[in-house]
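The following exercises ask the reader to work through one structure step by step. Each task is followed by its solution.

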Amino acid sequence: MNIRPRINRWTIARRNLNFATDIKSSLVQPHFVVAGSGVNQPIESMPGINRQSVDVLCETIAGDMALGITAHMLFAVVDHHDKDSTASKASLPDMPLQQAITRLRQEYGGEIVIMTDVCLCTATDHGHCGIVHNHEIDNDLTIPELCKIALSHASAGADYISASDMMDGRVKAIRNTLEEAGFTSTGILSYSVKYASAFYGPFRDAASSSPTFGDRGSHQMDIRSGYDEAILEAVSDESEGADIIMIKPAMTYLDVVRQVADAVTRPVAVYNVSGEYSMVMASTSEEQSTASLVREIFHSFKRAGADIIVSYHARATIAGNWLD
Ligand code: PBG
């Protein structure tokens with residue numbers, strides 16, 4: 001496998017994200033992209049976070065960039081009539097996510113880091129992360145579909161393909177696909193250590209990606225599993241060519257973050273997920289209380305060994321000077 005350490009230092013924005021030691025530079029703001037224009041639809045369980053069409057999203061990101069938030073994670077929210085059993089629409093170049101990537105890359109060049117979620121669940125009619133075959137999620141039938149989506153994001157100009165599906169061997173397959181197509185500077189952020197967590201509820205409302213039957217237990221990690229499996233997932237993804245290793249959720253797995261950070265050589269990211277966000281937001285409506293909670297939470301991530309923090313709190317934290 002080609003190990004390409006230059007990927008993480010390719011642009012100024014990538015260097016600032018991967019190697020700065022302050023919390024502000026470590027933050028990544030997630031966004032939900034929908035079809036249409038002028039759409040700015042609040043997500044009830046996640047106050048302050050909206051589903052946005054490409055035009056509105058670009059305005060939002062312009063505001064974020066002005067605040068100094070330069071790293072962004074984009075999720076596609078796919079219209080019901082565009083979903084099917086294989087997520088076939090997710091790799092089309094004219095879908096909102098691909099359009100957003102293209103526009104943002106044109107506008108900001110190497111000043112922005114664009115991370116794009118790669119999984120089937122937001123574009124399958126059954127809501128599963130993979131191809132369902134004989135009522136099971138088939139690992140090896142899923143991999144080529146993930147590679148198609150990854151390639152479409154890379155072609156549009158993504159910095160990091162963010163594989164959140166938890167299929168075995170997908171980092172290697174995506175790396176090979178990118179290499180064969182000449183995308184030698186496109187990175188892979190792997191959701192390496194992703195638990196089958198109850199903290200993803202608000203996200204699944206936001207992205208309408210709940211499974212219509214069964215659950216994600218056959219691919220996401222068991223919440224009871226210990227450090228050995230976490231390290232196995234992280235180290236194998238690293239050896240397959242992942243450029244960033246992610247642990248998810250964050251707050252209930254800080255011990256795992258420390259273990260993984262000690263075991264890998266690539267930058268480590270944590271995902272402060274939707275349920276963690278909603279829990280904090282529901283606990284108080286006083287900005288100063290939220291600020292203190294978020295500040296303390298972010299320091300716990302850093303102390304545990306996180307280089308990168310993906311959090312719905314990013315914008316409010318910087319806009320409100322919560323870290324000072
Ligand atoms: C897609 C995906 C999920 C999240 C990120 N990518 C949902 C899931 O696995 O069900 C969750 C993010 C969050 O809760 O904020 N597989």
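Predicted model: local features only at pLDDT ≥ 70, side-chain atom pairs only at ≥ 80, totals over all residues.

**Exercise 1.** Which residues does glutamine 29 touch, not counting residues up to four places away in sequence?

Residues are numbered from 1 along each chain as its sequence is written, and side-chain values use heavy atoms, with hydrogens and water left out.

*Solution.* Step 1: locate the residue. Glutamine 29 belongs to strand β1; helices (H or I, at least four residues) and strands (E, at least two) are DSSP runs, numbered from the N terminus.

Step 1: list the contacts, where contact means heavy atoms within 4.5 Å. Glutamine 29 touches Ile49, Asp64, Ile69, Ala71, His72, Met73, Ser311, Tyr312, Ala314 and Arg315, when residues up to four places away in sequence are not counted.

Step 2: consider accessibility. Buried means under 20% relative accessible area, exposed over 50%, and partly exposed in between (1.4 Å probe, protein chains only). Glutamine 29 has a relative accessible area of 0% and is therefore buried.

Step 3: examine the side chain. The side chain of glutamine 29 reaches the backbone nitrogen of arginine 315 at 2.8 Å. A polar contact is a pair of N or O atoms within 3.5 Å; within protein, one must be able to donate a hydrogen and the other to accept it, and residues adjacent in sequence count only if both atoms are side-chain atoms.

**Exercise 2.** Identify the residues that come nearest to the ligand, and describe the shell.

*Solution.* Step 1: a residue is near a molecule or strand if one of its heavy atoms lies within 4 Å of it. There are 18 residues around the ligand, and Lys194, Arg204, Lys248, Ser274 and Tyr312 come nearest.

Step 1: sort the shell by residue class. It divides into ten nonpolar, three polar and five charged residues. Here Ala, Val, Leu, Ile, Met, Phe, Trp, Tyr, Cys and Pro count as nonpolar, Asp, Glu, Lys and Arg as charged, and the others, Gly among them, as polar.

Step 2: find the N and O pairs. An oxygen atom of the ligand is 2.6 Å from an N or O atom in the side chain of arginine 204, and an oxygen atom of the ligand is 2.7 Å from such an atom in the side chain of lysine 194. A nitrogen atom of the ligand is 3.3 Å from an N or O atom in the side chain of serine 164.

Step 3: On its own the ligand has 400 Å² of accessible area, and the protein covers 100% of it. Accessible areas come from the Shrake-Rupley method with a 1.4 Å probe; for residues, only the protein chains shown count as cover.

Step 4: name the elements. Those that give two or more residues to the shell are β9 (187-194) and α7 (201-207).

**Exercise 3.** How many disulfides does the structure hold?

*Solution.* Step 1: a disulfide is a pair of cysteine sulfur atoms within 2.5 Å. Step 2: the structure holds zero disulfides.

Step 1: check cysteine 119. Its closest cysteine sulfur, in cysteine 129, is 3.7 Å away, which is too far for a bond. Step 4: cysteine 119 has 5% relative accessibility and so counts as buried.
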